[in-house]
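Trainee: I would like to learn how to read a model feature by feature. Where do we begin?

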Amino acid sequence: MVALVDGPELGRVTVQVTTVGNGAEEEFLRGVAGECVVEDFPQTGQTVTLEWQQSQQNFVITGVD
């Protein structure tokens with residue numbers, strides 16, 4: 001990935017893309033559920049709960065403590 005600012009390069013990184021499911025055979029990940037807790041995020045002492053939303057194909061924040 002390359003970041004450009006008004007033309008000149010600002011930064012460059014290599015990223016790895018990972019797919020889940022059956023790759024090209026399956027367009028969307030279906031039939032899975034999950035939740036995870038991220039401690040000390042977004043600030044030290046706070047906890048965020050993330051839950052997989054199949055319809056959005058993404059994790060959403062379901063709680064902040």
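Mentor: With exposure. Buried means under 20% relative accessible area, exposed means over 50%, and partly exposed is in between. Keep in mind that this is a predicted model.

Trainee: Is Val13 buried, exposed or partly exposed?

Mentor: Val13 has 49% relative accessibility, so Val13 counts as partly exposed. Val13 lies in the loop between β2 (9-12) and β3 (35-39).

Trainee: Which residues make the nonpolar surface patch?

Mentor: Met1, Val13, Val15 and Val17 make the patch. Its area is about 440 Å².

Trainee: How many salt bridges does a search of the whole structure find?

Mentor: The idea first: a side-chain nitrogen of Lys or Arg must lie within 4 Å of a carboxyl oxygen of Asp or Glu. The search of the whole structure finds one salt bridge. Arg12 forms it with Glu9, and the closest N and O atoms are 2.7 Å apart.

Trainee: Let us turn to strands. How many bridges join β4 to β5?

Mentor: Two strands pair if there are at least two bridges between them. Strand β4 (residues 47-53) and strand β5 (residues 58-64) are joined by six bridges. The two run antiparallel.

Trainee: Which residue is the bridge partner of Val48 in β5?

Mentor: Val64. Next, Thr49 stands opposite Gly63 in β5.

Trainee: What does β3 pair with, and in which sense?

Mentor: β3 pairs with β4 in the antiparallel sense, over five bridges. Take Val38 as an example: its bridge partner in β4 is Val48. Val48 also has Val64 as its partner in β5.

Trainee: What should I know about side chains in a strand?

Mentor: In a regular strand the side chains alternate between the two faces of the sheet. Now look at individual residues of this strand.

Trainee: Where does Thr49 lie, and is Thr49 buried or exposed?

Mentor: Thr49 lies in strand β4. Its relative accessible area is 14%, so Thr49 is buried.

Trainee: Which residues is Thr49 in contact with, leaving aside neighbours within four places in sequence?

Mentor: Contact here means heavy atoms within 4.5 Å. By that rule Thr49 is in contact with Glu35, Cys36 and Val37, and also with Val60, Ile61, Thr62 and Gly63.

Trainee: How many residues apart in sequence are Gln53 and Arg12, and how many Å apart in space?

Mentor: They are 41 residues apart in sequence. In space, C-alpha to C-alpha, they are 31 Å apart.

Trainee: Now aromatic rings. What is the count of aromatic pairs?

Mentor: Ring centres must lie within 6.5 Å, and planes over 60 degrees apart count as edge-to-face. By this rule the count is one aromatic pair. Trp52 and Phe59 form that pair, with 5.2 Å centre to centre and 70° between the planes, and it is edge-to-face.

Trainee: Are Trp52 and Phe59 buried or partly exposed?

Mentor: Trp52 is at 16% relative accessibility, so Trp52 counts as buried. Phe59 is at 42%, so Phe59 counts as partly exposed.

Trainee: Last, the backbone. Where is Gln57 placed, and what is its phi?

Mentor: Gln57 is in the loop between β4 and β5. Its phi is near 50°, a positive value in a residue other than glycine. The hairpin of β4 and β5 has four residues between the strands. Gln57 is at 25% relative accessibility, so Gln57 counts as partly exposed.

Trainee: What about Asp40?

Mentor: Asp40 is not a glycine, yet has a positive phi of about 60°. Asp40 is placed in the loop between β3 and β4. Its relative accessible area is 47%, so Asp40 is partly exposed.

Trainee: Is the peptide bond from Phe41 to Pro42 cis or trans?

Mentor: That bond is cis, with omega near 5°. Pro42 is found in the loop between β3 and β4.

Note on methods: Residues numbered from 1 in each chain as written. Predicted model: local features only at pLDDT ≥ 70, side-chain atom pairs only at ≥ 80, totals over all residues. Heavy atoms only, no water. Patch = residues over 30% accessible without salt bridge, like charges linked within 9 Å, V, L, I, M, F, W, Y side chains within 5 Å. Areas by Shrake-Rupley, 256 points an atom, 1.4 Å probe, with all protein chains shown as cover. Buried < 20%, exposed > 50% of the residue type's maximum accessible area, 1.4 Å probe, protein only. Phe/Tyr/Trp six-rings, centres within 6.5 Å; stacked < 30°, edge-to-face > 60°.
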